[in-house]
2 protein chains.
Amino acid sequence: MDIITPRTLSGFVQLLPADQMRFNAMLDRIRATYELYGFTPLDTPVIESAEILLAKGGGETEKQIYRFTKGDADLALRFDLTVPLAKYVAENYGRLPFPFRRYQIGKVYRGERAQRGRFREFYQCDADIIGDGSLSVINEAETVSVIYAAFTSLGLTGFRIHFNNRKVLSGFFEFLGIADKSAAVMQTIDKLDKIGADKARELLVSDAGIPAETAEEICAFVTAEAPLELLERLRGKNETLDLGIAELNAVAAHLSGFGVPEQNYVIDLKIARGLDYYTGTVFETFIDGHPEIGSVCSGGRYDDLAGYYIKRKLPGVGISIGLSRLFYVLQEQGFINPELPCAPCDLLILPMTDDFSAAVGLASELRRAGIRTSIYAEDKKFRAKMSYADGIGVRYAAILGEDEIAAGQVTVRDMRSGQQTTASAALIVKGLLAALAAQKDIPPLRGI
Amino acid sequence: MDIITPRTLSGFVQLLPADQMRFNAMLDRIRATYELYGFTPLDTPVIESAEILLAKGGGETEKQIYRFTKGDADLALRFDLTVPLAKYVAENYGRLPFPFRRYQIGKVYRGERAQRGRFREFYQCDADIIGDGSLSVINEAETVSVIYAAFTSLGLTGFRIHFNNRKVLSGFFEFLGIADKSAAVMQTIDKLDKIGADKARELLVSDAGIPAETAEEICAFVTAEAPLELLERLRGKNETLDLGIAELNAVAAHLSGFGVPEQNYVIDLKIARGLDYYTGTVFETFIDGHPEIGSVCSGGRYDDLAGYYIKRKLPGVGISIGLSRLFYVLQEQGFINPELPCAPCDLLILPMTDDFSAAVGLASELRRAGIRTSIYAEDKKFRAKMSYADGIGVRYAAILGEDEIAAGQVTVRDMRSGQQTTASAALIVKGLLAALAAQKDIPPLRGI
């Protein structure tokens with residue numbers, strides 16, 4: 001038979017077993033956090049009608065999308081989880097209670113040029129709260145705390161959520177008389193940390209057409225050391241600005257109540273988020289000492305989720321974690337916790353007799369106790385059996401020879417220390433459950 | 001703005017929140033079972049090169065597949081999880097320990113004519129054990145026990161795993177001198193339960209070209225009441241048959257050790273599984289009293305997983321649960337447990353004051369205790385707040401008014417009984433944790 005060389009497409013992720021376990025450990029904790037905050041899980045089709053997915057249309061999206069026909073149907077693969085959410089909410093409007101809090105963790109598709117850490121198929125982990133007509137600003141503070149809780153659950157401690165309010169920026173621009181250039185200015189400010197204040201000032205003048213003096217003012221404003229005090233002094237100058245200041249204060253005021261420590265957040269007037277979409281609180285999350293990674297979780301408040309599908313104002317606030325890229329960069333930076341167990345089972349049974357009855361019975365007893373168990377049933381030498389145990393990275397191996405079976409006992413070897421214990425199955429179960437309970441809290445990332 | 005009517009493609013599943021929770025509860029338990037048995041999770045791309053996916057080629061598959069080009073690339077969406085597994089194992093052969101036990105739960109795509117309970121995008125939950133060169137028959141018995149454990153974990157009791165061994169059938173056909181017609185005969189036998197013995201006998205003669213007397217013998221053989229005794233009498237007549245009998249006995253002998261009760265399995269010589277692919281144990285699973293649902297979990301032993309991709313004999317044994325269809329039919333038949341909690345949170349906080357500090361503090365306390373909590377922060381009348389609680393189906397609502405806040409207490413209402421309790425947050429947490437612990441074991445299906 002001719003052999004076709006097996007390969008995986010460029011830009012598509014396919015992990016080896018231990019890495020898959022590490023990835024899943026992260027995904028599971030993000031999922032648990034979203035559920036703890038009362039978000040309901042949602043799953044939408046990967047394939048949608050192209051007309052639906054591209055309702056907003058235009059731009060980079062249209063070029064990157066996987067689009068194809070099947071029979072008469074013009075189809076496309078989802079490129080984010082926000083458009084499917086908008087469609088879902090509009091389609092089921094009468095059947096959903098609002099605010100509608102949903103999370104969705106799933107793969108999305110973008111036919112970008114594949115490069116290091118950029119994927120064509122990647123996981124997004126989104127959580128959004130959608131209101132009907134209005135939505136309390138409390139949800140914006142809560143969303144910041146979801147980010148904190150999610151990253152803390154991963155084991156990360158050194159990270160900071162930078163947040164701002166788009167109304168503060170828009171209001172300030174109105175006050176400066178440059179409201180018509182707001183979009184271009186926001187895009188430049190968004191890049192300020194990357195390009196530096198001097199370059200930003202230059203671009204504001206050359207590209208956005210802002211007078212030099214005003215550009216100076218903008219840069220001084222967004223880089224102010226004590227933004228809340230600065231804003232206090234500006235109160236009363238502009239209505240939008242006042243509204244933004246009030247919202248920024250409301251979010252800041254509730255963060256400690258939501259359990260977010262001061263060292264994990266900062267008001268940062270440079271956060272603009274390029275998209276027109278956002279209208280209130282906006283946030284980005286950075287890992288301490290790693291600005292080059294960029295934001296690992298972003299999002300914000302928007303006023304019109306589903307205007308393309310329904311004549312209802314559905315404001316919302318949401319966050320998104322690009323998990324495939326996050327996993328890739330964290331792994332590259334050595335953030336993955338080497339202590340995280342990533343074997344497919346907790347214990348591997350190595351039968352040393354031809355009769356497997358004792359091994360099968362032991363496996364059943366361990367599984368009834370909730371211990372993930374495998375039997376190595378192949379007819380191989382002891383050395384090969386031990387090498388398999390090493391290969392799958394299992395911590396405990398149960399050796400079941402004639403002597404053990406005759407004595408109604410089991411010998412368990414700690415593959416890490418080499419230490420062996422011989423005891424009854426009941427005692428072994430007890431010991432393992434204690435050891436596994438201690439392992440359960442090992443986070444997927446190192447606490448740095 | 002023009003409105004595009006939001007819609008979901010025919011044949012694609014998109015569930016409402018409560019149904020999604022029910023679906024996820026089933027998926028989570030299947031996943032937990034696979035992990036308990038030491039299968040490692042795997043995730044492969046949804047898109048593969050068409051050449052890879054269609055290496056085997058031909059037949060129905062090719063017609064149903066979603067295939068398209070992107071740039072120069074000829075791409076296709078996976079139509080099962082077995083071909084991607086074969087590719088994965090061949091691609092990573094040198095890096096995997098064998099036997100390689102993996103499970104994969106994911107969506108697959110088939111552009112079939114959409115009909116009730118048949119989907120174009122659906123979940124498969126697969127678990128396979130792949131050997132290198134050889135694989136002990138113990139794995140076949142264990143796989144039957146995985147099916148038992150998975151369905152039991154779902155809450156189902158009335159189901160039965162029917163199993164057979166392809167060598168028994170092939171050996172018997174060799175013995176009858178009709179080995180050359182084996183494939184056609186197997187296909188007819190596979191349908192026997194549906195079409196009846198008379199019709200099967202007729203087809204064996206008319207379509208498979210089997211002499212009437214032999215057809216009679218075949219039907220008598222596969223419908224024998226005491227198959228193991230019948231097989232005992234045939235021992236020594238044919239080598240393949242003897243091997244099959246030995247394997248069938250080995251599997252049967254270990255099922256009780258693996259914890260499968262006698263009422264949940266039966267040796268059924270009519271189980272043939274049409275595919276050429278299978279070479280040893282084959283099984284199908286039926287729900288008592290519901291033959292019309294068909295098999296809810298099938299699989300078997302095969303000898304050559306990845307011959308298209310690698311020059312290595314990689315035998316395996318696997319099972320597959322078509323979860324989307326299973327969920328659909330179980331729901332239609334009323335098998336879903338109405339007691340299964342499917343609210344997005346355990347408790348909803350209804351603040352009755354303008355100041356949200358107490359509500360935010362309470363939410364944080366509850367979440368720290370692991371209680372899934374939401375705050376209803378919208379400025380609505382009490383009635384609207386209670387109606388929201390009803391709408392999301394939450395069991396407990398915490399009412400936080402001025403009196404409660406002043407007294408440092410919380411009023412919790414059981415939305416089902418209408419009973420209200422006022423107590424300190426600490427006591428409320430304690431009471432909720434006890435109530436939730438009791439809920440945790442509610443299975444997604446009724447025990448019928």
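# Getting to know this model

Me: Is the crossing of α1(A) and α5(A) left-handed or right-handed?
Reply: Residues are numbered from 1 along each chain as its sequence is written, while chains are lettered from A and ligands numbered from 1 in the order in which they are written. This is a predicted model, where local features need pLDDT of at least 70, side-chain atom pairs count only at pLDDT 80 or more, and totals for chains, interfaces and linings use all residues. A crossing is left-handed if the near helix is turned anticlockwise from the far one by less than a right angle, and right-handed if clockwise. By that rule, the crossing of α1(A) and α5(A) is right-handed.

Me: At what angle do helix α1 and helix α5 of chain A pack?
Reply: Two packed helices are described by the angle between their axes and the distance between the axes. Axes are lines fitted to C-alpha atoms, for helices over the stretch in contact, and angles run from 0 to 180 degrees between N-to-C directions. Helices (H or I, at least four residues) and strands (E, at least two) are DSSP runs, numbered from the N terminus. Helix α1 (residues 17–36) and helix α5 (residues 138–153) of chain A have axes 9 Å apart, and their angle is about 145°.

Me: How many nonpolar residues are in the contact of α1(A) with α5(A)?
Reply: Two residues are in contact if their C-beta atoms, placed from the backbone, lie within 7 Å. Arg29(A), Ile30(A), Ala32(A) and Thr33(A) of α1(A) meet Val146(A), Ala149(A), Ala150(A) and Ser153(A) of α5(A). Ala, Val, Leu, Ile, Met, Phe, Trp, Tyr, Cys and Pro count as nonpolar, Asp, Glu, Lys and Arg as charged, and the others, Gly among them, as polar. On that basis this contact has one charged and two polar residues, while the nonpolar ones number five.

Me: What percentage of the residues in chain A are buried?
Reply: Chain A holds 17 helices and 16 strands, and its C-alpha trace spans about 90 × 55 × 45 Å along the principal axes. A residue is buried if 20 or more other C-beta atoms lie within 10 Å of its own, exposed if 12 or fewer, and partly exposed in between, with C-beta atoms placed from the backbone. Of the 448 residues in chain A, the buried share is 50%.

Me: How many residues of chain B that touch chain A are nonpolar?
Reply: Here 76 residues of chain B are in contact with 76 residues of chain A. Helix α1 (residues 17–36) of chain B gives the largest share of its chain's side, six residues. That side of chain B also splits by class, with 16 charged and 22 polar residues, and its nonpolar count is 38.

Me: Which residue in the turn between β15(B) and β16(B) has a positive phi?
Reply: β15(B) pairs with strand β16 (residues 420–423) of chain B in the antiparallel sense over four bridges, and Val412(B) has Thr421(B) as its bridge partner in β16(B). The two strands form a hairpin with five residues between them. The turn residue with a positive phi, about 80°, is Gly418(B).

Me: In which loop does Pro99(A) lie?
Reply: The peptide bond from Phe98(A) to Pro99(A) is cis, with omega near 0°. Pro99(A) is in the loop between α4 (82–91) and β5 (100–109) of chain A.

Note on methods: Pairing = 2+ DSSP bridges.
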